[in-house]
Amino acid sequence: MSLENKTAIVTGGARGIGAAVCRKLASLGADIAIVDLNVTDQAKELEAELTGMGVRAKAYACNVADNAACKALVKQVVADFGCVTILVNNAGITRDALFLSMKEEDFDAVINTNLKGTFNMTQACYRPFFKQKYGKIVNLASVSALLGTAGQANYAASKSGIIALTKVTARELAPKQVTCNAVAPGFIATDMTKGLEDQYVSSIPLGRAGKPEDVANLIAFLVSPESDYLTGTVIRIDGGLAIS
Ligand SMILES: NC(=O)c1ccc[n+]([C@@H]2O[C@H](COP(=O)([O-])OP(=O)(O)OC[C@H]3O[C@@H](n4cnc5c(N)ncnc54)[C@H](O)[C@@H]3O)[C@@H](O)[C@H]2O)c1
């Protein structure tokens, strides 16, 4: 599998699953735009690490909830790298609470970052993908959308919306040979899930939490030419957690 001459934008790329995706795609030869809320020391260290792997890499600050900022970001990435060929919509947040105690601002924040952020970044990449008649989009959904996890009305709804966006994007862009798929991770050990491991691991058939690299390996396949005939799908990567 090779991603040489490809440029990937990975949102929420500074840590967790996003950082693992950056490393994996770089190991296959892709140039990487690491996008996160701020250019943190962590993002700068990752940029240096990827550059050391022999690819071009640059960290960018962009709030994916901001439509204009996403458009400006994609223009800048194309100016810096010459093109954009891969988009991984990974930036995401949780603000868990049971329905009655969920604050309106927490509902809005999760929808704006997860769902609207995915829409914003996809819209910003539409023209370049359309023009070059090539592109690979992977959206981060969650098994929470499939299971309707209690305490995650905002998050599960945002991830269900992402599954719908994935299907619409796949249909609209198929005539241009652009594919769009979603991955639905289960419990992956990252900052997002810190402290929750004991609660979940006993219900995972494979008996362990997922690693960010488990998800990155799947995403690498979905952005590679090996998956050219795959579009509009949702693939669970959850150690069997949501087997139905
Ligand atoms: N960890 C899990 O168990 C799990 C399970 C299912 C789905 N997911 C999804 O995978 C993705 C990555 O999760 P993670 O566990 O690595 O989380 P994480 O919290 O470790 O990392 C998320 C990254 O997104 C960035 N981010 C947040 N809001 C942003 C915004 N508005 N604009 C740009 N960047 C922003 C954060 O700064 C952070 O670097 C998320 O979409 C999450 O919903 C995670």
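The legends below describe close-up views of a predicted model.

**View 1**
Strand β2 covers residues 31-36, and six of its six residues are buried. In a regular strand the side chains alternate between the two faces of the sheet. In β2 both faces are covered: one side carries Asp31, Ala33 and Val35, the other Ile32, Ile34 and Asp36, and these residues are all buried. Strand β1 (residues 7-11) runs parallel to β2 and is joined to β2 by five bridges. Within this pairing, valine 10 has isoleucine 34 of β2 as its bridge partner. Strand β3 (residues 57-61) also pairs with β2 in the parallel sense, over five bridges. Here aspartate 36 stands opposite alanine 61 of β3.

**View 1. Crossovers into and out of β2.**
A right-handed β-α-β unit is made by β1, helix α1 (residues 16-27) and β2. From β2 the chain crosses through helix α2 (residues 41-52) to β3, and this β-α-β crossover is right-handed.

**View 2. The largest nonpolar core.**
In soluble globular proteins, nonpolar side chains tend to be buried together. The largest nonpolar core of this model holds 35 residues, of which Leu25, Ile32, Leu50, Val88 and Ile219 touch the most other members. Two or more residues each come from β1, α1, β2, α2, β3, β4 (86-89), β5 (135-140) and α8 (212-222). Helix α1 gives the most, with seven residues. Leaving out residues up to four places away in sequence, leucine 25 touches Leu3, Ala8, Ala30, Ile32, Ile86, Val88, Ala220 and Val223. Another core, of 23 residues, lies apart from the largest one; among its members are Ile9, Val35, Cys70 and Leu73.

**View 3. Helix α8 and its packing.**
Helix α8 is largely enclosed by the rest of the structure, because eight of its 11 residues are buried. The buried residues in α8 are Pro212, Asp214, Val215, Ala216, Leu218, Ile219, Ala220 and Leu222. They pack against α1, β4, β5, β6 and β7. One of them, Ile219, is also listed among the residues of the largest nonpolar core that touch the most other members.

Serine 224 is found in the loop between α8 and β7 (234-237). With a relative accessible area of 0%, serine 224 is buried. A polar atom of its side chain lies 2.8 Å from the backbone oxygen of phenylalanine 221. Apart from neighbours within four places in sequence, serine 224 is in contact with Met1, Leu3 and Lys136.

**View 4. The aromatic pair of tyrosine 126 and phenylalanine 130.**
The structure holds two aromatic pairs. In the pair shown here, the ring centres of tyrosine 126 and phenylalanine 130 are 6.4 Å apart and the planes are at 15°, so the pair is stacked. Both residues lie in helix α4, four residues apart, about one turn of the helix. Tyrosine 126 counts as partly exposed at 21% relative accessibility. Phenylalanine 130 is partly exposed as well, with a relative accessible area of 36%.

**View 5. The aromatic pair of phenylalanine 187 and tyrosine 200.**
A pair of aromatic rings is described by the distance of the centres and the angle of the planes. For phenylalanine 187 and tyrosine 200 the centres are 5.3 Å apart and the planes are at 25°, so this pair is stacked. Phenylalanine 187 sits in the loop between β6 (178-185) and α7 (197-201), while tyrosine 200 is in helix α7; the pair links distant parts of the chain, 13 residues apart. Phenylalanine 187 counts as buried at 6% relative accessibility, whereas tyrosine 200 counts as partly exposed at 25%.

**View 6. Aspartate 106 and its contacts.**
Aspartate 106 lies in helix α4, which covers residues 104-132. Not counting residues up to four places away in sequence, aspartate 106 touches Arg95 and Asn154. Aspartate 106 and arginine 95 are 11 residues apart in sequence, and their C-alpha atoms are 5.8 Å apart in space.

Terms used
Residues numbered from 1 in each chain as written. Predicted model: local features only at pLDDT ≥ 70, side-chain atom pairs only at ≥ 80, totals over all residues. Heavy atoms only, no water. Contact = heavy atoms within 4.5 Å. Buried < 20%, exposed > 50% of the residue type's maximum accessible area, 1.4 Å probe, protein only. Pairing = 2+ DSSP bridges. Right-handed = clockwise from strand over helix to strand, strands pointing away. Core = buried A, V, L, I, M, F, W, Y, C linked by side-chain atoms within 4.5 Å. Phe/Tyr/Trp six-rings, centres within 6.5 Å; stacked < 30°, edge-to-face > 60°. Polar contact = N/O pair within 3.5 Å; in protein donor to acceptor, adjacent residues only side chain to side chain.
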